[in-house]
Every structure is written in C-alpha cells, then in structure tokens.
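My notes are kept in the order in which I looked.

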Amino acid sequence: MQLQMQTWAEVERYLKSSTIAIMPIGSTEQHGPNGLIGTDALSAEAIAVAVGEAANVMVAPTIAVGMAQHHMAFKGSMTLRPATMIQVIGDYVDSLTHHGFDKFFFVNGHGGNSATIEAAFQEVYTAHTMRGSGNEASVRCRLRNWWQGDKTYKLIKELFGDKDGMHATISEVSVTQHLFPEHIKSAPDMGPPEPFRSRWSDAADYRAKFPDGRIASHPYLATPDAGKKIFDLAVTEIAEEVSAYAKG
Ligand code: NI
C-alpha cells in the first residue's frame, strides 16, 4: 500500500484503523564496479513496498538521497549534509504526524545513514518533549537496516561468507540484479578488493583507501537468484516485525 498510489479519502480511511507508516530510506552513491548508484534507495524501496503489501501497512515516499559524503570522489554520488538530512527526516515525519500517523518504521538501505537517522529521531522526540504535551504517548520511530535481521544475515553469511564485504556487497548487488535484471552490469576485470584496513574520513581519504569503491567485497559473485532468496527472506522477516510493531 503506497501512499503515492492512494487518494486522500483512502488515506483518511486507513487512518481510522491504523496509524503506522513504513518509511523507505536509502542513498544515491557509487557501489563499486558493477553496483548501481541507486542500490541503497532502490533496494530499501522495493523491500518496503513488499513489506507494506505483506503487512497491510502504508508506505511513504522514499528518501532516496542520504548521508554519503565519503562517496563523493566517485562520479554520480549525491549526499545530503547530516544537518539537512535530519531536517528532511523531521519534515517527512511531521507531515505525516499532522494527519494522524504516529508510528514510523524506517527501512534503511545504507549503513552510513544510521547515525544521522538516529539523530533525527532524537530531534523529533525532543520537539515533542519540549512542546510540553504532558505524558501523552506521542510519535515513535524505529530504524531497521534491511540486511540485519537474524535470518537474513545468516542466509547472507551462508551464501557468501566474508566475501560479502562491507560496501558494494555481493548481497546488495544481488538484490538489485533480482529487482532490475535489465540493468545487470558486467565488470570482468574487477579482481580481489582492497582489504579493509581502517575507517575513513572525507571523500578523498575514502577513494585513496578503496580506489574502485568497494570495501572488502567480491560483487562479481552476485547473481539474481541469490538476490531473490535474500529479498524474499528480508521481506518476510521485516513484515513480521512491522506487524508486531503495529500492535505493540
Ligand atoms: Ni549499499
């Protein structure tokens, strides 16, 4: 159930029985030699939409650009400043709160967003606390990285072990190959990745450490079949969590 596909009257009807929204959030950033720049936004959106169908929950429009300053030395990457992103998340939440939504389940496709999303939640909570609305229950937000469910994580490890890596992972490239088979890229000369040695700071530092964009991953091993298995399990696992969250 996508908000963008409803009429206002349908949303009004939904709000009489439910006040939860799924919020897909991703990033628009390089994903190594064969990964799509939209990987994190496209996968978060597709998983969120499928979860919304399975759990009968409204899915808000995707926040498709995230915190990706460290990828800016690669063409096509886009980023929000953390302060901007906190405001964007706050305005998405406030818009829907205005209509009566009060539970927000964020399906995130980019680990680099996590700290900023959590900071945005604190801004939302602080605004409600400082407004002094007594002890009424107000807005609740939850962050869920799509690949981190117990079962999904176990499946990824079974399929790829440590070769999955940390960025431009085999698993996320596989998921986009399953979703968009017409956009599968070949990168035959990829070879083994730079090993993960240390964290990075700015974009120049990241590019110096990881020249082709990957972090410790072997995404030439990606397949649409593996992507389908991972996608289906992530949807099942997250749909159960969303249903529990809606009741709780
Ligand atoms: Ni990614």
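**Entry 1: ground rules.** I am working from a predicted model, in which local features need pLDDT of at least 70 and side-chain atom pairs count only at pLDDT 80 or more, while totals for chains, interfaces and linings use all residues. Residues are numbered from 1 along each chain as its sequence is written, and side-chain values use heavy atoms, with hydrogens and water left out.

**Entry 2: the sheet.** I looked up the strand order first. The sheet is open, with 4 strands in the order β2-β1-β3-β4 and parallel pairing. Its edge strands are β2 (58-59) and β4 (140-145), each of which pairs on one side only. Strands are DSSP runs of E of at least two residues, helices are runs of H or I of at least four, and both are numbered from the N terminus. Two strands count as paired if DSSP finds at least two bridges between them.

**Entry 3: strand β3.** I then followed β3 on both sides. Strand β1 (residues 20-25) runs parallel to β3 (residues 103-108) and is joined to it by 6 bridges. P24 is opposite V107, and I25 is opposite N108. Towards β4, β3 again pairs in the parallel sense over 6 bridges, with R142 of β4 as the bridge partner of F105.

Is β3 buried or exposed? Because 6 of its 6 residues are buried, β3 is largely enclosed by the rest of the structure; buried means under 20% relative accessible area, with a 1.4 Å probe and protein chains only. K103, F105 and V107 point one way from the strand, and F104, F106 and N108 point the other way.

**Entry 4: helices on the sheet.** Helix α3 (residues 82-99) lies across β1 and β3 and runs at about 155° to β1. Helix α4 (residues 114-130) touches β1, β3 and β4, and its direction makes about 175° with that of β4. Contact means heavy atoms within 4.5 Å. Axes are lines fitted to C-alpha atoms, for helices over the stretch in contact, and angles run from 0 to 180 degrees between N-to-C directions.

**Entry 5: cores.** A nonpolar core is a set of buried Ala, Val, Leu, Ile, Met, Phe, Trp, Tyr and Cys residues joined through side-chain atoms within 4.5 Å. The largest has 56 residues, and I47, I89, F101, F104, F106 and V242 touch the most other members. Helix α8 (residues 224-247) gives the largest share, 9 residues. Leaving out residues up to four places away in sequence, I found F106 touching M23, I25, I89, V93, F121, R142, L143 and R144. A second, separate core of 6 residues includes W200, Y206, F210 and I215.

**Entry 6: phi.** Most residues other than glycine have a negative phi. A168, in the loop between α5 (150-160) and α6 (170-179), has a positive phi of about 55°. A168 is buried, at a relative accessible area of 0%. A216 also has a positive phi of about 55° and lies in the loop between α7 (203-209) and α8.

Entry 7: The largest pocket holds about 690 Å³. Its lining has 31 residues, with G111, W147, M166, H167 and T169 nearest the centre. α5 gives the most to this lining, with 3 residues. I also looked for cavities and found 2 of 30 Å³ or more. The largest cavity has a volume of about 40 Å³, and its lining includes N34, F180 and H183.

On a 1 Å grid over the protein atoms alone, a cavity is a set of points where a 1.4 Å probe fits but cannot get out, and a pocket is an open set with protein on both sides within 12 Å along at least five of seven lines; lining residues have an atom within 4 Å of a point. Grid points are joined across faces, edges and corners, and a volume is the space filled by probe spheres set on the points.

Technical notes:
Buried < 20%, exposed > 50% of the residue type's maximum accessible area, 1.4 Å probe, protein only.
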